[in-house]
Structure formats: C-alpha cells, structure tokens
Amino acid sequence: MSIAMTQQQEKDFEEKGYVILEDFLTQEELDRLLSAVDEVKVRVRRAEGGGPNEPFTIRNALAHHEAFLDLIDHPRMLPLVVDTIGWNIQIRTTHLDYRPPYPEDLKPGDIGVGDGDDQKAGYNNLGWHPDLSGEELFEGPSLDGRLPFMEIKVFYVFSDLSESNSGNLWLMPGSHKRTPQELREMGRKLDLSEAVELRLKPGAAVLWRTATWHCVGPNLSDKTRKIMHIGYHYRWLRPADYIQQAPELVADSSPIRKQLLGALATGGHPLGASPDFQPHSQHWITKNSDDVPLRAWAEAHGK
Ligand SMILES: O=C(O)CCC(=O)C(=O)O
C-alpha cells in the first residue's frame, strides 16, 4: 500500500524508472535554497579558489547548509521516498552541482558519449551511466546481468532548466531493466530519440531509480545550473559521503533525521548489546525498533 504515490506514479517509477514532480518546492523553499547555494558558493571559492565561470560539486551537501539538510526529510517528499524504497534507509549521498554557462570556446561532445572538450575540462557526469555499476562498485549483477534495486535519488531543480542545453539531466526511460554491459557495448552512443532531456522549471523534483541510465547535457545557456541530488539507500550498505556524520549534527536532529543520517536514533552501540563477543551491526537486523523510527512512521501512515 502506498502512502502518497498515485497509481500512475507507481507505474512510471516501475516502467520508466522515474517520476516527475513539477512545482514541488514552494517559492519560499526555493528562495531559501537559492540563497543557500550562493552562501556555499562564496565559501567554496574562498576555500578552493576558482573563477566565477568554474563549475563545482559539493558532496555531503547536507552538512554545508541547513536548507540542504532540511531536504533529506522534506515532509512532502518523505512519503514518496518510503513508498519507493521502504523505511530501512539512510542517506547515501547529497550532492550539489553548480555549473555556469560554458565558456564560448568550449566545444561540447555528443550527448552522453563523454568525448568532448567539456569532458576533458573536468565537467562531471557527461557520459551515460547507471549509478553503482562498474568494477569499482558493483560487478556481480543479478543472474540476468541487470543491476538489483539498491537506491533512489531525488533530483531537485533550483535554477531554470526548462530550455534545452541548459545542463539538463537526460534519462533513458526503462533502462534500469537493461544491463550495464549493453551500455558499454554501445560505447555510450544511444539513440537520443528514445531518451528524455528533462526540461524543468525551478522548484521541480524528480524521484528516480539510479540504475536508470543518465547523463548531464552541456550548459550552452546564459544561466548557471543549480541542482541537488539526494540519494537514499538501505542501512546495511555503506554511505558514499560519510563514515559518520558530525556528532553535533546528529545530536541536533529528530529521531527520523538521525536514522537518515546513518546514526542510531537511540545512540546505542552500533554493534549491539554484546559488541565484544556477539557483535551484531544494528544497521543489519535492528534489535531496537527505536533505532529505525521510520518504520513506526511508515506504519502510522498506512504502509
Ligand atoms: O545531475 C547531475 O549533476 C549528476 C547526475 C548524476 O550523474 C548522478 O547523480 O549520478
């Protein structure tokens, strides 16, 4: 039983691999997020240098501004997240992408092939890929060569990506049902008439399976691309952005937020009651249900 997803959204998520939510953020939320991006940009430039036209990405973005942190348990998104992946989850990654218009003399490659000067210049994620695939990450796919369902992301659009070639996210509908090997064999040269360039206004959100093949198109517009992805995966996997979140961040959080931050909501020992003789990670089978408050929350919401 779904808490919030409509039948059409369930179908889209299952068949295409994503659900688009136009006008998801309120204007107030969007304004707060945009000023957070500006604040963080000043800190990044101060710490790392870089001219006004240089792109940057921040991982574990949730630790860089409260506006980003508030997205992880957004009250209207959390029900959809739990509908798609369940309650036994934590954050795998939160990443902010800031991508100014390309310099005039920078020649982009073909969409998704990752063979252009933009790739050489270090722009991220230009080539088609599913997440969590490749020999560094996961090369034991299920029997038929497809990736198992391991995680989702929520893509939040802060700047205007409604025109083509604004640094849009591209998705290949249904490709979570295809094998990473097939993509490799195609040399990432896909038939773009089958793919979707998401043209979205500020405030849109997309709930997507990260096994869906995706890439970022060039930003040939005159606007800076400002977006975030929030990745959720199972608690028994290891997060990409942190070993443990900062203790003060965890201490100041609600029980559900603590769970999402990869902590135990009760603050108990991560290896259970007998860590020396019978260590048992509480991120596996959880003995104290208060450590996974999202379960009771989901049940109370009819799941
Ligand atoms: O939209 C982006 O900036 C990157 C998306 C992507 O490739 C990813 O999340 O793995």
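Why is helix α4 (residues 78-85) largely enclosed by the rest of the structure? I looked it up: six of the eight residues of α4 are buried, so the rest of the structure largely encloses the helix.

Basis. I am working with a predicted model, where local features need pLDDT of at least 70, side-chain atom pairs count only at pLDDT 80 or more, and totals for chains, interfaces and linings use all residues. Residues are numbered from 1 along each chain as its sequence is written.

Terms. I call a residue buried if 20 or more other C-beta atoms, placed from the backbone, lie within 10 Å of its own. Helices (H or I, at least four residues) and strands (E, at least two) are DSSP runs, numbered from the N terminus.

Helix α4. I listed its buried residues: Leu78, Leu80, Val81, Val82, Asp83 and Thr84. Their cover includes α1 (7-15), β4 (151-157), β7 (205-209), β9 and α9 (293-300); contact here puts C-beta atoms, placed from the backbone, within 7 Å. Gly86 follows α4 and has a positive phi, near 90°.

Strand β3. I checked residues 89-99 next, and eleven of the eleven are buried. β3 pairs with β2 (residues 56-59) in the antiparallel sense over four bridges; pairing takes at least two DSSP bridges. Ile58 stands opposite Leu96 in β3. With β9, β3 pairs in the antiparallel sense over ten bridges. There I found Arg99 opposite Arg225 in β9.

Ligand. I noted Asp97, Asn125, Asp131, Lys153, Leu169, His214, Val216, Ile227 and His229 around it, with C-beta atoms, placed from the backbone, within 6 Å. β8 (214-216) and β9 (225-234) each give two or more residues to this shell.

Note on methods
Buried ≥ 20, exposed ≤ 12 C-beta atoms within 10 Å, placed from the backbone. Contact = placed C-beta atoms within 7 Å.
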